[in-house]
Amino acid sequence: MKTARDYIDSLRERKIKVYIKGELIDSDKVIDHPFIKGHVNAASMTYSMANSPKYEDLMTVKSHLTGKKINRFTHIHQSTEDLLNKVKMLRTISQQTGTCYQRCVGFDAMNTTYSVTYDMDQKLGTDYHERFKKFLLYVQENDLMVAGAMTDPKGDRSLRPSQQADPDMFVHVVEKNDKGIVIRGAKAHMTGMVNSHEMLIMPTMGMKEDDADYAVCCALPVDAPGVLHIFGRQTNDDRKMEGDIDQGNAKFGIVGGESLTILNDVFVPWERVFMCGEYQFSGLLVERFACYHRQNYGGCKGGVSDVVIGAAALMADFSGYGKAGHIKEKLNEMIHLTETLYACSLACSCQGTATASGAYFVDPLLANVGKHNVTKLIYDIDRLAQDIGGGIIATMPSESDLKHPEIGQYVDKYLRGVASVPTEDRMRIGRLIENMTGGTALVESMHGAGSPQAQKVMYSKLANLEQKKEFAAHLAGVHLNKNEVK
Ligand SMILES: Cc1cc2nc3c(=O)[nH]c(=O)nc-3n(C[C@H](O)[C@H](O)[C@H](O)COP(=O)(O)OP(=O)(O)OC[C@H]3O[C@@H](n4cnc5c(N)ncnc54)[C@H](O)[C@@H]3O)c2cc1C
């Protein structure tokens with residue numbers, strides 16, 4: 001297993017092409033850029049905690065391929081206990097980082113590709129599963145960070161990939177030869193991509209026969225020839241060029257450091273291709289990935305919310321209203337919402353089942369319910385934190401003002417709450433609340449792992465409405481004739 005230091009050193013060896021605000025960054029300096037450094041620190045926690053005896057049980061596991069101890073983020077779930085431990089691990093890391101540490105997307109992509117390639121081989125006689133196992137072994141043996149690359153730019157959402165005015169709106173195969181394939185397109189919102197080693201490309205939706213060129217799943221290094229990354233902006237990101245107080249969470253940042261990843265005719269050798277034209281399986285792959293990824297949110301957002309609750313409680317204490325009844329009530333409500341999110345993630349893990357490949361899969365309906373709750377309850381939790389935090393969260397002077405030789409005294413005097421608590425501490429907690437409940441963090445809860453409607457679509461597929469009608473009809477003494485209602 002890699003240490004955090006090994007991870008960081010290995011990132012420096014890449015020849016990655018990253019643009020930030022229109023500027024191409026030297027590849028060996030990418031991870032030191034103020035916009036990226038925090039995300040590297042957060043991802044490093046998945047390495048450092050795995051090497052700590054305190055977290056070893058949660059963060060490491062025995063590989064089912066080699067029997068060796070590996071980082072859980074490279075593991076294929078072998079039981080419901082593995083699924084549960086994944087959720088517990090995510091909550092534990094989030095409590096330490098207060099933000100996304102990015103490595104779950106590739107983790108979910110690998111578990112998905114493992115079972116879907118098995119199913120494909122069984123049905124079609126292909127050899128994708130064995131190819132994928134070799135890639136997985138490489139990831140496990142080198143403890144690599146893999147970005148999960150599903151979302152395409154998608155252009156006109158009312159049109160299928162092959163109907164788009166620009167054929168590159170979805171990643172597609174433009175050439176096949178005896179050595180491999182060439183792909184073109186882009187992947188959007190790529191969490192942790194610029195500080196990963198590899199990316200696992202997956203189709204973004206179920207495909208039809210006309211879209212067969214778009215049914216492609218493959219792995220490639222993030223610095224493969226033809227790949228470039230355009231780093232996304234975040235709320236208040238220019239503060240990362242300043243001191244640390246105004247950033248709120250200066251060490252780890254906000255969300256996962258997303259990029260728009262361009263694939264300009266990128267060659268991928270056959271041994272790294274795990275789907276190429278088998279459009280019938282793209283829908284299954286998307287659904288499995290979505291469910292694994294939606295399982296996570298009560299874990300990671302549970303841990304992030306633990307920090308938000310703590311910050312709100314501290315702000316109340318530092319401001320002198322910590323003992324007020326309505327504050328306690330609001331904190332209790334935040335706890336209730338947080339544990340509701342966590343409960344869904346645990347529940348879908350407990351109810352997991354084995355796929356034909358042997359890899360364990362979550363209960364899909366419960367996983368979707370959990371993520372759907374996140375699209376609403378995080379807003380409630382953050383609303384309560386902002387209520388408790390006060391208007392100062394939106395109007396606070398800067399760190400430079402606090403440290404200014406002339407006006408610093410006024411900031412120190414007038415931003416103080418309880419006399420015994422230093423003003424700087426109250427400002428730091430206020431900034432943390434601002435950071436964690438602001439725009440970028442909220443949008444991730446809404447759209448990460450799929451927009452709310454994507455979960456609702458799964459309800460109608462999975463919840464067996466007809467059976468519910470039969471329950472009602474039976475109790476009411478109604479004889480259902482399904483042909484009666486047109
Ligand atoms: C912070 C963050 C991190 C992310 N990380 C990753 C990552 O690491 N890997 C990855 O693969 N993806 C990632 N995503 C992408 C995420 O999965 C998508 O944002 C999500 O699936 C929604 O897609 P979209 O952003 O293109 O929104 P859109 O598809 O544009 O959706 C916007 C709205 O339009 C609606 N809509 C869309 N299409 C239709 C239609 N045909 N008919 C009717 N309504 C429609 C949606 O329901 C939604 O309400 C991330 C997103 C965020 C915000």
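Asp382, Ala385, Gln386 and Gly389 in helix α9 meet Ile433, Met436 and Thr437 in helix α13. Contact here means heavy atoms within 4.5 Å. By class, that contact has three nonpolar, three polar and one charged residues. For the classes, Ala, Val, Leu, Ile, Met, Phe, Trp, Tyr, Cys and Pro count as nonpolar, Asp, Glu, Lys and Arg as charged, and the others, Gly among them, as polar.

A word on the source. This is a predicted model, with local features needing pLDDT of at least 70 and side-chain atom pairs counting only at pLDDT 80 or more, while totals for chains, interfaces and linings use all residues. Residues are numbered from 1 along each chain as its sequence is written, and side-chain values use heavy atoms, with hydrogens and water left out.

Back to the helices. α9 covers residues 364–389 and α13 covers residues 423–437. Helices (H or I, at least four residues) and strands (E, at least two) are DSSP runs, numbered from the N terminus. The two pack at an angle of about 155°, and their axes are 10 Å apart. Axes are lines fitted to C-alpha atoms, for helices over the stretch in contact, and angles run from 0 to 180 degrees between N-to-C directions. So α9 and α13 are roughly antiparallel to each other. The cut-offs: under 35 degrees is roughly parallel, over 145 roughly antiparallel, 65 to 115 roughly perpendicular, and the rest oblique. α9 passes α13 in a left-handed crossing. That is, the near helix is turned anticlockwise from the far one by less than a right angle; clockwise would be right-handed.

Now α9 and its packing with α14. Helix α14 is residues 439–447. The angle between α9 and α14 is about 155°, with axes 7 Å apart. That makes α9 roughly antiparallel to α14. On the α9 side, the contact uses Lys371, Val374, Thr375, Ile378, Tyr379 and Asp382. On the α14 side, it uses Leu442, Val443, Ser445, Met446 and His447. Those residues divide into six nonpolar, three polar and two charged. Note Asp382: it is in this list, and it is also among the α9 residues that meet α13.

Next, Arg239. It sits in the loop between β10 (227–231) and β11. Its side chain makes a 2.8 Å polar contact with the side chain of Glu434. A polar contact is a pair of N or O atoms within 3.5 Å; within protein, one must be able to donate a hydrogen and the other to accept it, and residues adjacent in sequence count only if both atoms are side-chain atoms. Is Arg239 buried or exposed? Buried, with a relative accessible area of 17%. Buried is under 20% relative accessible area, exposed is over 50%, and partly exposed is in between (1.4 Å probe, protein chains only). Leaving aside neighbours within four places in sequence, Arg239 is in contact with Asp246, Gln247, Arg431 and Glu434.

On to strand β11, residues 258–269. Thr261 is found there. At 0% relative accessibility, Thr261 counts as buried. Which side chain does Thr261 join in a polar contact of 2.9 Å? That of His229. Beyond four places in sequence, the contacts of Thr261 include Gly185, Lys187, Met199 and Val227.

Two phi values deserve a look. Most residues other than glycine have a negative phi. Asp265, in β11, is not a glycine, yet has a positive phi of about 55°. Asp265 is partly exposed, at 38% relative accessible area. His189 has a positive phi too, near 60°. His189 is found in strand β7, residues 180–191. At 57% relative accessibility, His189 counts as exposed.

Last, two buried residues. His75 lies in the loop between β4 (69–71) and α4 (80–97). At 2% relative accessibility, His75 counts as buried. The side chains of His75 and Asp82 are joined by a polar contact of 2.8 Å. Not counting residues up to four places away in sequence, His75 touches several others, including Val61, Phe107 and Gln140.

Thr60 lies in strand β3, residues 60–62. Its relative accessible area is 10%, which means buried. A polar atom of the Thr60 side chain is 2.7 Å from the backbone oxygen of Glu56. Beyond four places in sequence, Thr60 is in contact with Met1, Ala50, Lys69, Ile70 and Arg72. Thr60 and Phe73 are 13 residues apart in sequence and 8.3 Å apart in space, C-alpha to C-alpha.
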